[in-house]
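Trainee: Please take a close look at one part of this model, the aromatic ring pairs and the helix contacts around them. Then carry on to whatever else in the chain deserves a comment.

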Amino acid sequence: METDRETAYFEEILLYLKEISGFNLSISAKDREVLFKFFNNGYSTEQVKSFIKKEILKYPPDKRKKFKISYLEKYLKKYPKNKKREITVTDQYNKWKDIVSRLKIPESVLLVENTPEDLKDIAIQKNILNYIWKNLPEKEKEKIKKEAVQKLRKRFILTNIDQKKVLKSIIREILKEKYNIN
């Protein structure tokens, strides 16, 4: 039985896989097994995403629908195991509190009480990005939307994706880069 943390790990990687490939790919049982090995060996989602990116960019865009996570199994042997370091709740909270104070955002965005413990980090980040977006001037929003559309056209095959969802994801990426939110 998967924990919420494992499920979030798998879902984040699956979303990234769909985003980078431009196709609505699914994860097979073998792919899930490989992801489970990455998870248990302490590889972060960012590391797995970098492996995916490295491998998938070897394929021409129209062939990326044949990509499988199981192709990444070679990285389990190549790269050393990460030392797992459990981040305490106070470490995470302090990180977000610093970001909120730096950006002069009300601390109410940090309140995510009804969210499972493993997903609080994601919920806080979403609250911060939503607050920033809602309070941006219209000119700035239009500028970011244009940049996002350009990235969308450059990175994706537009017929194979949900353009609205991917566009939102790209806008979040741009906001995270612009305001240094990690």
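Mentor: In this predicted model, the count of aromatic pairs comes to six. One of them is formed by Y9 and F39, with 4.9 Å centre to centre and 70 degrees between the planes. Because planes over 60 degrees apart count as edge-to-face, the Y9 and F39 pair is edge-to-face. The pair links distant parts of the chain, with Y9 in helix 1 and F39 in helix 2, 30 residues apart. Y9 has a relative accessibility of 7% and so counts as buried, the cut-off being under 20%. F39 has a relative accessible area of 16% and is therefore buried by that rule. Ring pairs also bring in F10, so that Y9, F10 and F39 are linked into a cluster.

A further pair is made by F38 and F51, whose ring centres are 5.7 Å apart. Their planes stand at 40 degrees, so this pair is tilted. F38 belongs to helix 2 and F51 to helix 3 (residues 45-56). The two are 13 residues apart, and the pair again links distant parts of the chain. Both F38 and F51 are buried.

The helices behind the Y9 and F39 pair can be described next. Helix 1 (residues 4-21) packs with helix 2 (residues 29-40) at an angle of about 115 degrees, and their axes are 11 Å apart. The crossing of helix 1 with helix 2 is right-handed. On the helix 1 side the contact is made by R5, E6, Y9, F10 and I13. On the helix 2 side it is made by R32, L35, F36, F38 and F39. By class, the residues of this contact are seven nonpolar, no polar and three charged.

Another helix pair is formed by helix 7 (residues 138-155) and helix 8. Helix 8 covers residues 163-178. The axes of helix 7 and helix 8 come within 9 Å and cross at roughly 120 degrees. Helix 7 contributes E140, I144, K145, E147, A148, V149, K151, L152 and R155 to the contact. These meet V166, L167, I170, I171, E173, I174, L175, E177 and K178 of helix 8. The contact of helix 7 with helix 8 divides into 10 nonpolar, no polar and eight charged residues.

Q125 is found in helix 6 (residues 120-134). With a relative accessible area of 17%, Q125 is buried. Leaving aside neighbours within four places in sequence, Q125 is in contact with W96, K176, I181 and N182.

The other two concern the backbone. Most residues other than glycine have a negative phi. K104 has a phi near 55 degrees, a positive value in a residue other than glycine. K104 is found in the loop between helix 5 (89-103) and helix 6. With a relative accessible area of 73%, K104 is exposed. N180 is not a glycine either, yet has a positive phi of about 55 degrees. N180 lies in the segment after helix 8.

Terms used: Residues are numbered from 1 along each chain as its sequence is written. This is a predicted model: local features need pLDDT of at least 70, side-chain atom pairs count only at pLDDT 80 or more; totals for chains, interfaces and linings use all residues. Side-chain values use heavy atoms; hydrogens and water are left out. Axes are lines fitted to C-alpha atoms, for helices over the stretch in contact, and angles run from 0 to 180 degrees between N-to-C directions. Helices (H or I, at least four residues) and strands (E, at least two) are DSSP runs, numbered from the N terminus. A crossing is left-handed if the near helix is turned anticlockwise from the far one by less than a right angle, and right-handed if clockwise. Contact means heavy atoms within 4.5 Å. Ala, Val, Leu, Ile, Met, Phe, Trp, Tyr, Cys and Pro count as nonpolar, Asp, Glu, Lys and Arg as charged, and the others, Gly among them, as polar. Buried means under 20% relative accessible area, exposed over 50%, partly exposed in between (1.4 Å probe, protein chains only). Rings of Phe, Tyr and Trp (its six-membered ring) pair if their centres lie within 6.5 Å; planes under 30 degrees apart count as stacked, over 60 as edge-to-face and the rest as tilted.
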